[in-house]
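I opened the notebook to record what I looked up in this structure.

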Amino acid sequence: MRRATPFAPAPGSPRLLLRERRERTELWTEAAGPPPAVYGERWSTVDGRPVRAFEPARSKLAAGLARGWEAPLPAPGERWLYLGAASGTTASHLADLLGPEGRLYAVEKSVRPFARLLALAERWPNLLPVLADARSPEAYAGPVPLVDGVYADIAQPDQVEIVLANARLLLADGGAVVVALKTSTMGRERGAPEHLRRAEEALSAELRLERSVRLDPQFRSHYLVGGRMARTAGPGGAPPGAPRRAPGRRPHPRAR
Ligand code: SAM
């Protein structure tokens with residue numbers, strides 16, 4: 001039997017660790033909180049630092065990475081907004097990638113998973129739960145600052161519009177957007193590829209999209225879609241008629 005190779009940091013996201021084992025690449029994240037496991041995931045240590053298995057069967061982001069997702073990932077020290085955090089399975093791994101200096105603003109509208117998210121935040125100090133409806137980003141635009149990235153997994157028919165409304169208000173210029181697109185909630189009159197095409201068309205009006213990745217079989221009719229918000233043009237700022245954010249919001253310092 002071939003032995004496992006050592007853990008190696010992923011390019012651009014050093015707290016994401018890759019390990020070749022049994023003919024496949026395992027994904028792990030460096031934990032930003034202490035044990036025990038958040039949802040039954042395996043733990044180990046690398047040079048004395050705790051790491052957690054990031055399973056493609058449990059998380060759409062991990063499934064996308066296992067299928068070659070190459071779009072932007074959270075990097076240490078960044079601030080990200082998570083729409084649809086539920087009880088924190090994937091959110092805990094995003095918080096791991098952001099590290100202790102980063103912040104994950106985790107929006108969830110259902111009270112029951114939110115209660116578990118609150119309990120998780122007691123152990124993951126860089127994860128900040130927000131009980132809110134992601135359809136109304138102006139409701140949390142006060143406490144949530146401009147962010148470097150938006151991750152969305154809300155499984156709603158209007159998920160693309162919700163993501164864009166949040167990005168326009170809260171995403172810094174050049175920031176990243178990653179959407180776990182659930183096409184089965186977008187109507188039965190079209191198939192998954194057509195829903196994907198329409199979502200890409202809507203998103204590409206404001207983002208430079210990367211190649212989307214299909215998440216079957218782990219997540220049926222899901223895709224990971226995303227890219228970076230196109231920078232506003234030239235010294236004059238936003239193009240005419242296309243305000244990027246609410247008046248009075250300051251540009252993110254790192255995005256200037
Ligand atoms: N992202 C989670 C994970 O990987 O661990 C799973 C998310 S689950 C598929 C979708 C979540 O989005 C649910 O918890 C649901 O309550 C939440 N949600 C749906 N619509 C929402 C909205 N408008 N605002 C905030 N949360 C919403």
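Which of the 20 residues around the ligand come nearest? I found that Gly84, Thr89, Thr90, Ala134 and Asp153 do; a residue is near a molecule if its C-beta atom, placed from the backbone, lies within 6 Å of it. The elements giving two or more residues to this shell are α2 (89-98) and β7 (103-108). Helices (H or I, at least four residues) and strands (E, at least two) are DSSP runs, numbered from the N terminus.

I noted the source of the model. It is predicted, local features need pLDDT of at least 70, side-chain atom pairs count only at pLDDT 80 or more, and totals for chains, interfaces and linings use all residues. Residues are numbered from 1 along each chain as its sequence is written.

I looked at α2 next. In α2, 10 of its 10 residues are buried, among them Thr89 and Thr90. Buried means that 20 or more other C-beta atoms lie within 10 Å of the residue's own, with C-beta atoms placed from the backbone. Just after α2, Gly99 takes a positive phi of about 75°.

I then turned to the sheet. It is open, has 5 strands in the order β1-β2-β3-β5-β4, and its pairing is antiparallel; two strands pair if DSSP finds at least two bridges between them. β1 (8-10) and β4 (43-46) stand at the edges with a single partner strand each, so one side of each has no neighbour in the sheet.

I checked one pair. β3 (residues 24-30) and β5 (residues 49-53) are antiparallel over 3 bridges, and Thr29 has Arg52 in β5 as its bridge partner.

Conventions
A residue is buried if 20 or more other C-beta atoms lie within 10 Å of its own, exposed if 12 or fewer, and partly exposed in between; C-beta atoms are placed from the backbone.
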